[in-house]
Amino acid sequence: MSNIEEQKELICDICHKMWQLGWVAANDGNVSVKLDDGTILATPTGMSKSFITPEKLIRIDSKGNVLEAAEGLRPSSEIKMHLRCYDKRDDVMSVIHAHPPGATGFAVAHKAMDMYNMIEDVAVIGAVPLTPYGTPSTTEVPDAIEPYLDEHDVMLLENHGALAVGCDVVTAFYRMESLELWAKITINAVILGGSHDISRENIQKLIDLRGYYGVTGRHPGYKTFNPDDPMLHAKED
């Protein structure tokens, strides 16, 4: 992994992009990166992602203890969710939490994104689960996501937002970006008459291409879905 100053610059760049894309408002969202020495850089609580600069980032240990921080700054109380990801997945080196409107709409509607309608997202992300509701700032949220970490790099948090992990902060960001575009496309497809899934045979072909394209992380494989869900499939006349 590149040096700490480069990681700080990357985190700030991604925080600014998240704000510009409308994935966060006010003090929403949080970003973290695990460094080679096992310590973690994290965004501070109570600050817009548009205002994040390198000196405002906080360095903590694997238990959440603050090692370095500017005066008056502390990590988000949701850092517990990030720490759980790092604890359960050795391959995870970055965690992003945001509220992208399209994907969060699915979370608020209590609908998993388990459709298989977009070629790129089938290959890269796979089905995105809806994790159970958890009260922010408590261990309820990390407890809710833990059962899904073995197979998923992207999750919807019920009535809350979305979570993406990656081997670096750019990969985590790309996964969140892909999730949001996919959500918007699916919503548009539903408005136009229905979202139609790729055949099971072709889904497997797409999953098999992950190795060819060097895609890292976990993939849940093919999951069944509810064919009668009116939000995802066209109604017959």
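Predicted model: local features only at pLDDT ≥ 70, side-chain atom pairs only at ≥ 80, totals over all residues.
Q: Is the crossing left-handed or right-handed?
A: The crossing of α1 and α6 is left-handed.

Q: Which residues make the contact?
A: From α1 you have Leu-10, Ile-14, Lys-17 and Met-18. The α6 side brings Val-169, Val-170 and Phe-173.

Q: Okay, what about α3? At what angle does α3 pack on α6?
A: Helix α3, residues 101-108, packs with α6 at an angle of about 70°. Their axes are 7 Å apart.

Q: So is α3 parallel or perpendicular to α6?
A: Roughly perpendicular, since 65 to 115 degrees is the range for that word.

Q: Who touches whom there?
A: Pro-101, Gly-102, Ala-103 and Phe-106 in α3 meet a set in α6 made up of Leu-179, Glu-180, Ala-183, Thr-186 and Ile-187. The contact of α3 with α6 divides into six nonpolar residues, two polar and one charged.

Q: Nice. Switching to pockets: what volume does the largest pocket have?
A: About 220 Å³ of space lies in the largest pocket.

Q: Which helix gives the most to its lining?
A: That would be helix α2, residues 79-88, with five residues. The whole lining consists of Lys-34, Gly-38, Ile-40, Ser-62, Lys-63, Lys-80, Leu-83, Arg-84, Tyr-86, Asp-87 and Pro-142.

Q: How many of those are charged?
A: Five are charged, alongside four nonpolar and two polar residues.

Q: And the second largest pocket, what's its volume?
A: The second largest pocket has a volume of about 160 Å³. It is lined by 17 residues, and the closest to its centre are Asn-27, Gly-29, Asn-30, Ser-76 and Glu-78.

Q: Last topic, cavities. How many of 30 Å³ or more does the structure hold?
A: One. About 40 Å³ of space lies in the largest cavity.

Q: Which residues line the largest cavity?
A: The lining residues are Thr-131, Pro-132, Tyr-133, Gly-134, Val-141, Ala-144, Ile-145, Leu-157, Glu-158 and His-160.

Q: Where does the largest share of that lining come from?
A: From helix α5, residues 140-145, which supplies three residues to the largest cavity.

Q: And how does the cavity lining divide by type?
A: Six nonpolar, three polar and one charged for the largest cavity.

Definitions and conventions:
Residues numbered from 1 in each chain as written. Heavy atoms only, no water. Left-handed = near helix turned anticlockwise from the far one by under 90°. Helix = DSSP H or I, 4+ residues; strand = E, 2+ residues; numbered from the N terminus. Contact = heavy atoms within 4.5 Å. 1 Å grid on protein atoms, 1.4 Å probe; cavity = no way out; pocket = protein on both sides within 12 Å on 5 of 7 lines; lining within 4 Å. Points joined across faces, edges and corners; volume = space filled by probe spheres on them. Nonpolar A, V, L, I, M, F, W, Y, C, P; charged D, E, K, R; others polar. Axes fitted to C-alpha atoms, helices over the stretch in contact; angles between N-to-C directions. Parallel < 35°, antiparallel > 145°, perpendicular 65-115°, else oblique.
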